[in-house]
Amino acid sequence: MPFTSLKPQIETLISLNKKTVDERLKNICELLESEVPHYNWVGFYFKNGDKNELKLGPYVGEPTDHTIIPFGKGICGQVAVSNTNFVVPDVAAQDNYIACSITVKAEIVIPIFVNGENIGQIDIDSNTPDPFDETDERFLEFVCQKVASIL
């Protein structure tokens with residue numbers, strides 16, 4: 001797994017102050033999607049102002065209709081409420097899953113905290129059944145900590 005080699009690349013992308021935050025987030029999505037074989041859709045969702053909903057931010061992958069997700073709905077909406085990582089080895093087994101594509105088999109969502117508040121998350125879909133393990137979680141927690149530093 002290339003996570004060790006990806007960490008300095010994430011730090012470099014975060015530090016590119018001449019780029020907007022959205023440009024840096026899009027670059028992170030592109031890096032993860034291209035370098036991690038089982039990351040087939042990579043995107044960020046953020047709390048939509050004072051509303052209890054998430055709004056789609058920068059992403060890479062198939063277009064999605066899910067640009068707004070109410071808190072509690074789907075995996076992303078559940079993470080917005082629970083404030084905890086959510087790893088779904090088989091999306092077909094989740095009754096509160098919002099299907100984005102028939103090719104998606106698994107999903108991982110990791111919250112982003114700024115000053116102790118869950119302000120968003122990174123969402124990754126995989127077309128591979130049960131591909132995520134603890135190394136994915138720890139790496140994506142690292143990514144979210146770095147992202148939080150520029151929000």
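Strands E1 and E2 (residues 53-60) pair in the antiparallel sense over five bridges. Here, strands are DSSP runs of E with at least two residues, numbered from the N terminus, and two strands count as paired if DSSP finds at least two bridges between them. The structure is a predicted model, in which local features need pLDDT of at least 70 and side-chain atom pairs count only at pLDDT 80 or more, while totals for chains, interfaces and linings use all residues. Residues are numbered from 1 along each chain as its sequence is written, and side-chain values use heavy atoms, with hydrogens and water left out.

How much of E1 is covered? Six of the seven residues in this strand (residues 41-47) are buried. Buried means under 20% relative accessible area, exposed over 50%, and partly exposed in between, with a 1.4 Å probe and protein chains only.

Turning to the cysteines, the structure holds zero disulfides, a disulfide being a pair of cysteine sulfur atoms within 2.5 Å. Cys 144 takes part in no disulfide, and its nearest cysteine sulfur, belonging to Cys 29, is 11 Å away. Cys 144 is buried, with a relative accessible area of 3%. Cys 76 likewise counts as buried, at 3% relative accessibility.

Technical notes
Helix = DSSP H or I, 4+ residues; strand = E, 2+ residues; numbered from the N terminus.
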